[in-house]
Every structure is written in C-alpha cells, then in structure tokens.
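Subject: Structure handover

Hello,

Here is the structure for you to look at.

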Amino acid sequence: MAVFVLVHGAWGGAHGFRKVRGPLRAAGHEVFTPSLTGIGERAHLTSPQVCLTTHVADVVNTVWYEDLSDIVLLGFSYGGFVVTGALGYIAERVRHLVYLDAFVPGDGDTAAGLSGTGTSYGTVGLGRDWLVPPLPREFDDPAEAEWAGARRTPHPAGCFTEPVRLAHALEDYPFTRTYIKATGEPRPQNGGPFWAAADRAKASPAWGYHEIATNHMIPSNRPEELARLLLDLA
C-alpha cells in the first residue's frame, strides 16, 4: 500500500483531485488531498496574512498529524512551490516526489518571479488589493469547465511573492523524483517555467519524466491516465 499526498494548485482546491482519488483508493492505497488555506473549500479563511508559509504548514501538518511516512508527495502547478517548501520539515517522510505540470523552484525563488509577473502582484498596503483573480483555464468537458469554474477562488498575493526555502538541490535528497508535463498545448516561444522544469527533468538521470497529452488541467481532463501513472510510480 502506498500513501499519496496530492497538493493542488493556485485558485483551486482539494476538489480538483476528486476524479483521481477514487482510482488510487480502489487500488488499495491511502490518499490525502489537503486544502490550502484561503482558497477552495477554505476560501472563508482568506486574509492578507496568508502566504506560502501558510500553505507549507497546511501540508506539513497533514503529514505530521496523520503521522504519514514513505509518502508519494505530488505538487500540481503552484503546488510545486508548496511541496518544495515542505521538504524542510518532512523530507525524511517522502519516498517519491512528483511535480505535475508544476513549478520546480530553487531556494529563494518566488512564483511571481518564475512566472515572469515580477512585482505586479505587489505588496499589501493602503489601497492595494491582496487577492489575485483566477487565471482563465480550459477544460476538455464543458460541464467540467462550468463545475470547476464556479469553484475557482481569488488567491492571496503573498503566496506568489514569498520566497521558497530549500536547503539542498532536489537531486541531493534520497527520495526519487518525477516530472509530469502536459503537452496538449503548443510550447510558448519563451518556454516558461513548466517547460524549463520539464527540460531539466528530461536531461537528468536523477529524474523520471512523463508526458500527458492534454492542457494544464491534467487532474480534470485526464484523471484515469494520471492515476495509472501514479500507480506505476507507487
């Protein structure tokens, strides 16, 4: 039996993995999908104080309080920042680390910096908005688009501007690691952070690498394919 901890992305929530949890549990595995503070089902807890550290604590506390070990830890999209920051507290409990079309940051990186938005999110102050509206996303199924779109919530800006902390290069940790890239959209001319992460993984014997032929919203568009791939990694 494997233990999966799946961490969702920005503007999302644990509900984004609802189609992935079932196949993993049906195969006899445990699945945890912590919801990050201030978004998704925990949108009522949003505030200017919510930041990357808050979200790291959400995941770390799930692992600690449930006393999980030998886990397959997955970060989707912005969740790549969250799982990276969590390593400072739970690295010894991770067996395999998965980045699902996600940021793969180094020490001191920010989501705003890697995505090229720079300081456009700004800082909290008089007259400044501390919530970032959801980016538009495409889904293969119009019904899924309507369902998911109604549940996408503004995201606290501090999560995108706080630097992540990583004590060692990811390749120096004893766990194994995999990058899964969505390839259903053309590669942008400037590449972008997810393609850069994919190139890093493909070029390194320290990484596994897989592709899923859909757009960024893999858990919604290809849940069965994603579940099969995770079962192979387990």
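This is a predicted model: local features need pLDDT of at least 70, side-chain atom pairs count only at pLDDT 80 or more; totals for chains, interfaces and linings use all residues.

The axes of helix 2 and helix 3 approach within 8 Å and cross at roughly 55 degrees. Axes here are lines fitted to C-alpha atoms, for helices over the stretch in contact, with angles running from 0 to 180 degrees between N-to-C directions. Helices (H or I, at least four residues) and strands (E, at least two) are DSSP runs, numbered from the N terminus. Helix 2 and helix 3 are therefore oblique to each other; angles under 35 degrees count as roughly parallel, over 145 as roughly antiparallel, 65 to 115 as roughly perpendicular and the rest as oblique.

Residues are numbered from 1 along each chain as its sequence is written, and side-chain values use heavy atoms, with hydrogens and water left out.

On the helix 2 side, L52, H55, V56, V59, V60, V63 and W64 meet F81, V82, G85, A86, Y89 and I90 of helix 3, where contact means heavy atoms within 4.5 Å. By class, that contact of helix 2 with helix 3 has 11 nonpolar, two polar and no charged residues (Ala, Val, Leu, Ile, Met, Phe, Trp, Tyr, Cys and Pro count as nonpolar, Asp, Glu, Lys and Arg as charged, and the others, Gly among them, as polar).

A second pair is helix 1 (residues 18-26) and helix 9 (residues 223-233), with axes that come within 9 Å and cross at roughly 45 degrees. This pair is therefore oblique as well, and the crossing of helix 1 and helix 9 is right-handed. K19, V20, P23 and L24 from helix 1 meet P223, L226, A227, L230 and L231 from helix 9. That contact comprises eight nonpolar, no polar and one charged residues.

The largest pocket has a volume of about 900 Å³. It has 48 lining residues, of which S77, L135, R137, F194 and H216 are the closest to its centre. A pocket is an open set of points on a 1 Å grid over the protein atoms alone, where a 1.4 Å probe fits, with protein on both sides within 12 Å along at least five of seven lines; lining residues have an atom within 4 Å of a point. Grid points are joined across faces, edges and corners, and a volume is the space filled by probe spheres set on the points. Helix 4 gives the most to the lining of the largest pocket, with four residues. The lining of the largest pocket divides into 23 nonpolar, 17 polar and eight charged residues.

The second largest pocket holds about 230 Å³ of space. Of its 18 lining residues, T53, V56, G85, Y89 and R165 are the closest to the centre. Helix 2 (52-66) and helix 3 (79-90) are the elements that give two or more residues to this lining, and helix 2 gives the most, with seven.

Finally, C51 lies in the loop between strand 2 (30-32) and helix 2. Leaving aside neighbours within four places in sequence, C51 is in contact with G158, C159 and E162.

Regards

Key. A crossing is left-handed if the near helix is turned anticlockwise from the far one by less than a right angle, and right-handed if clockwise.
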